[in-house]
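My notes follow the model.

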Amino acid sequence: MDGFKAAFLNELFKLQKKKKIVATAVLSLLVVLVGQLAVSIVTFGFGLRLAGSMEFPFVVLSLLSYTLLPFFAAFVAIDAFCGEFSSNTMKLTLTRPVSRFGVYSAKVGMVGVFILANLLFVMVLALVAGFLFNPASEGILSIVKVLVAYLVTWLPIFVFALLVVVLANVLRNGTAVFFLAVLLFFTFYFFSIVFSRYSGFFITSSFDWYTLWIADVINWGKILRQLFILLGCGMMLFAAGYYLFERKDL
């Protein structure tokens, strides 16, 4: 356990030194500002109310969950594996007194922390923008709904990141992994529309499952079904990624 903790803290330390973190923060801020600018133009220019202070965070989440958020996670996952293999620093990582499973789990855990931090960062930005530019009296329940929506979005994006981890342990070229991940993303999205009856089995169709959690009438059956599908996919992808990482030659 101590070895995993040390490896995990080391991964977090390496992550905060990456320029990708700054780029992620800047792009997230720009998207929120551009979104708020568009809402303000429509509201004050055409007299149409698109989103109030509590609706705006959901607008931002619905936009980013299908665009930047999964690709930010993909970049970090690719860098954690392909980046270290290509720079030959993986050998140094594995010389520490930590098992391969500990190293692999630490890297996957770091990706999960990054996704959660990114979601919370975007949520805070969206809430602040909503209160500043779309003032309205909202109760604590509305804020709780926003928090729940952003937190539950973590799971499907994390499962998608695990898919990228599997690809990163199949291929060493980070660029190839990223383009393959993008291709799979759009393929899953296309299949979820064409085969809508089975859309629950495609990871990308779950990026908006937060809508089930914030509905006026919560359908626990659908939520549990999707939860079990995501957990099942996540465990299989985690196991597959570790199997490939364990057998990978340096």
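I started with contacts in the protein chain (heavy atoms within 4.5 Å). Of those with a separation of 6 or more, 81% join residues 24 or more positions apart. I noted that this is a predicted model, where local features need pLDDT of at least 70, side-chain atom pairs count only at pLDDT 80 or more, and totals for chains, interfaces and linings use all residues. Residues are numbered from 1 along each chain as its sequence is written, and side-chain values use heavy atoms, without hydrogens and water.

Next I looked up secondary structure, taken as DSSP runs (helices H or I, at least four residues; strands E, at least two). I found 11 helices and zero strands.

Then I checked burial. The chain has 250 residues, and 44% of them are buried (under 20% relative accessible area, 1.4 Å probe, protein chains only).

How do H8 and H9 cross? The axes of H8 (residues 154-170) and H9 (residues 174-194) come within 10 Å and cross at roughly 140°. I used lines fitted to C-alpha atoms over the stretch in contact, with angles from 0 to 180 degrees between N-to-C directions. H8 contributes Phe-160, Leu-163, Val-164, Leu-167 and Ala-168 to the contact. H9 contributes Val-177, Leu-180, Ala-181, Leu-184, Phe-185 and Phe-188.

Terms used. Buried < 20%, exposed > 50% of the residue type's maximum accessible area, 1.4 Å probe, protein only.
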